[in-house]
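Please look over the sequence and the structure before reading on.

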Amino acid sequence: MRADPVRTDARPFVVGILADPNLPTTIAAALARELPHALTAHIDGDRRWTVDTLHEPFEVVTSHDRLIDKARARVHGTNWDIALCITDIPIRTGNGVVVADVSHRDRVALISLPALGGWRLRRRAADVAVAIVGEFVDEPGARGARSAGATRLGRRTADGDGDVDVDVDVELVLDHGAAPLRLLAGTVRANRPWQLAAGLSTALAGAAAGSAFGILYTAIWRMAVVLEPWRLTAASLAALAVFATWLVAGHGLWERVPDDRRLSALLNAATLLTVSIGVVLFSLVLFVLNAAAAALLIPPPYFAEVAGQPVELADYVRVALLSTVMGTVAGAVGSGLENDAAVREAAYSTRRKQRWADMGG
């Protein structure tokens, strides 16, 4: 990695992006498309900007304050003028929740996606990338972009302020008031709960079997039409809780960070929220399938005869809901047979362990 001053000749100025797998890789691909235009608009319209990307896990280290060292080692020897390293690990120092660390000497910056929150992630990642490039380009437009980006995304600390690492010249951190919720939302986004719901194929097989029993067994119909709404609601919530607990306990998703209890609590809260969202999505899909099956397979006259009363659309919804409760519990049992690969993305701890194994650590 070169440390010479930025040149303004015809040679393209190369911004390299090193991204961890999963969400960082997706964000890096978006930045590769959008960043040249943003840099032209906000930094220097006369300079030729080029963005290169490299997708490789680089954050699998045991100490968070050495992440930038790991990133520096990974990009050594490239032709990049600046290296932006993107990770999905949440980082906390004595100054607060870290959005980005910048090393002027090595022309390397580390961006932590969870600190950017759970929505407008591409826009915020582009803002912080432009702000970081502005740290290395000594022009009025660059300084303006740097200031605007930093103001929107957090507050700046510098070498000598608090607990900034000696290799870090500038640290961009979240304001304390917004940090917990934004970091929690960003960590859940990085965990991608919708992929958890899509990956539970074995659980879906068990859930379908349990639901089929509810759809076809007339005693379930009679029970569904007489149950009070609060009982159905309580049964649904209990089934979701059983499924979520089974996933967390059965696949070892609980995180322990002995040297940082606050971070450990955050990661566990994010895991529980991720799993809960994934389970709710799974159950919603199951409910839609059950509702369609009930409408197709249960003739209204026969349903009314079994129930002993006229039936309405709401009664079909009740049957579908009770069948979904049964299917969700059956799916929880089936989830114990899932390959860990289907659920490890729901918690950062398991992704880190897998990346370490892939790198031969």
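**Briefing on a predicted model**

Just after helix α9, Gly 252 takes a positive phi of about 60°.

- Helix α9 covers residues 229-250, which makes 22 residues, and from its first C-alpha to its last it reaches 31 Å, close to the 32 Å expected at 1.5 Å a residue.
- The buried residues of α9 are Leu 232, Ser 236, Ala 239, Phe 243, Ala 244, Leu 247 and Val 248.
- When α9 is seen down its axis, these buried residues fall within an arc of 160°, and they therefore line one face of the helix.

**Salt bridges**

- Side chains of opposite charge can pair when their charged atoms come close, and a search of the whole structure finds five salt bridges.
- One of them joins the side chains of Arg 122 and Glu 34, with 2.2 Å from N to O.
- Because Arg 122 lies in helix α3 (residues 121-136) and Glu 34 lies in helix α1 (residues 23-42), this pair ties together parts that are 88 residues apart in sequence.
- Both partners are partly exposed, Arg 122 with a relative accessible area of 43% and Glu 34 with one of 29%.
- Asp 44 and Arg 47 also meet in a salt bridge through their side chains, at 3.5 Å from N to O; here Asp 44 is buried, with a relative accessible area of 12%, and Arg 47 counts as buried at 9% relative accessibility.
- In a further salt bridge, the side chains of Asp 106 and Arg 105 meet at 3.3 Å from N to O, where Asp 106 counts as buried at 14% relative accessibility, whereas Arg 105 is exposed, with a relative accessible area of 53%.

- Trp 194, Leu 273, Ile 277, Val 280, Leu 281 and Leu 284 make a nonpolar surface patch of about 490 Å².
- Helix α10 (residues 261-297) gives the largest share of this patch, namely five residues.
- Ile 277, which is found in helix α10, is partly exposed, with a relative accessible area of 31%, and residues must have over 30% to be counted in a patch.

Terms used. Residues numbered from 1 in each chain as written. Predicted model: local features only at pLDDT ≥ 70, side-chain atom pairs only at ≥ 80, totals over all residues. Heavy atoms only, no water. Patch = residues over 30% accessible without salt bridge, like charges linked within 9 Å, V, L, I, M, F, W, Y side chains within 5 Å. Areas by Shrake-Rupley, 256 points an atom, 1.4 Å probe, with all protein chains shown as cover. Salt bridge = Lys/Arg side-chain N within 4 Å of Asp/Glu carboxyl O. Helix = DSSP H or I, 4+ residues; strand = E, 2+ residues; numbered from the N terminus. Buried < 20%, exposed > 50% of the residue type's maximum accessible area, 1.4 Å probe, protein only. Expected span 1.5 Å × (residues − 1). Arc of directions from axis to C-beta.
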